[in-house]
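Please have the model open as you read.

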Amino acid sequence: MDIFYSTLNQTTFLFALIAIGYILAKWKYIPENSSMVLSKLENNVFVPALVMGTFMENFTVETLFTARWLLLSSCIIMFVVLPFAILIPKLVTKDKYIQNIYTYGLSFSNFGFMGNAVVSVLFPEFFMDYLIFTLPLWVLIYLWGVPELLIANAGEQKTLSSRFKAFVNPMFVAMIIGMIVGILNISLPKWLSSVVTTSGSCMSPIAMLLTGITVSTISFKKTFTDIRTYTISIVRLIVFPLAFLAVAKLVPMSETVYLCALCSLAMPLGLNTIVIPSAYGKDTSVAAGMAVISHLLSCITIPLIFMIK
């Protein structure tokens with residue numbers, strides 16, 4: 001029951017903020033350009049602060065040495081998942097942009113906001129290990145996920161300059177700064193550390209409000225009857241975790257790696273598919289529907305996965 005209540009608590013919190021964003025937009029309590037303003041804040045302040053803080057705290061020489069097997073396991077699992085995350089969307093839709101959104105969603109779950117909450121409540125003794133385990137995911141997000149899937153224009157011929165421009169984004173720069181501060185053990189002024197930490201903690205609530213604002217502009221009927229969204233959500237929430245459980249019975253691994261991997265694989269679809277493309281004026285209706293449906297389904301799937309683990 002702890003798993004169910006933990007998941008339900010996070011999902012309720014998530015949907016409460018989505019509802020607030022929806023009501024504010026639907027009843028015209030906020031300007032029409034609010035989604036653009038919030039997405040710019042997310043992309044230029046809150047997400048970079050979250051990424052920087054994560055790497056400042058966890059990307060240290062000691063961490064890289066003592067947790068090398070944890071990091072290696074994360075990389076192996078990640079690169080096993082990627083081919084399927086790239087192939088499945090191509091079978092579901094012909095639209096290149098939607099393919100990118102689905103690929104990102106399958107490649108990167110909501111291992112941060114949702115995953116951190118679930119692990120900290122259910123497996124507090126493994127929480128720091130989980131943060132370390134997800135470091136390679138953060139790296140791949142800002143080396144490949146954001147510039148290649150969310151920022152770059154799908155289907156366009158990518159020149160060297162366009163690729164470089166996509167890579168040099170606030171999130172990637174923040175990751176590099178966080179890596180440098182962490183690996184060199186640079187001590188920042190307390191006020192600066194507080195700015196980074198507090199700004200990073202704003203990321204998820206603002207993302208929820210932004211999702212609600214986006215949902216207010218789309219058709220509920222179209223969203224909840226889109227079979228493609230359910231297909232991607234089921235693959236993310238059920239197929240990937242069950243496949244890992246089957247492999248884990250054959251491949252020996254430590255309890256730490258096992259729990260960290262299962263937690264990251266069982267979480268719903270991530271929120272960057274809304275936050276980042278919206279700042280670049282791209283359509284986020286599919287991503288918003290994907291977030292709503294996958295997080296609703298996760299109230300059932302996460303407890304079930306952990307019951308059979």
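What volume does the second largest cavity have? The answer is about 40 Å³, where a cavity is a set of points on a 1 Å grid over the protein atoms alone at which a 1.4 Å probe fits but cannot get out. The model is predicted: local features need pLDDT of at least 70, side-chain atom pairs count only at pLDDT 80 or more, and totals for chains, interfaces and linings use all residues. Residues are numbered from 1 along each chain as its sequence is written, and side-chain values use heavy atoms, leaving out hydrogens and water.

Around this second cavity you will find Val215, Ile218, Phe220, Thr223, Phe224, Ala288, Gly289 and Val292, each lining residue having an atom within 4 Å of a point. Six of these residues are nonpolar and two are polar, with no charged ones.

Now turn to the largest cavity, with a volume of about 130 Å³. Its lining has 14 residues, and Met78, Ser107, Leu137, Ser264 and Leu265 are the closest to its centre. Helix H4 supplies the largest share of that lining, five residues.

Of its 90 residues, Phe55, Phe123, Tyr142, Val146 and Phe244 touch the most other members. Helix H8 (residues 135-151) gives the most to this core, ten residues.

Conventions. Core = buried A, V, L, I, M, F, W, Y, C linked by side-chain atoms within 4.5 Å. Buried < 20%, exposed > 50% of the residue type's maximum accessible area, 1.4 Å probe, protein only. Helix = DSSP H or I, 4+ residues; strand = E, 2+ residues; numbered from the N terminus. 1 Å grid on protein atoms, 1.4 Å probe; cavity = no way out; pocket = protein on both sides within 12 Å on 5 of 7 lines; lining within 4 Å. Points joined across faces, edges and corners; volume = space filled by probe spheres on them. Nonpolar A, V, L, I, M, F, W, Y, C, P; charged D, E, K, R; others polar.
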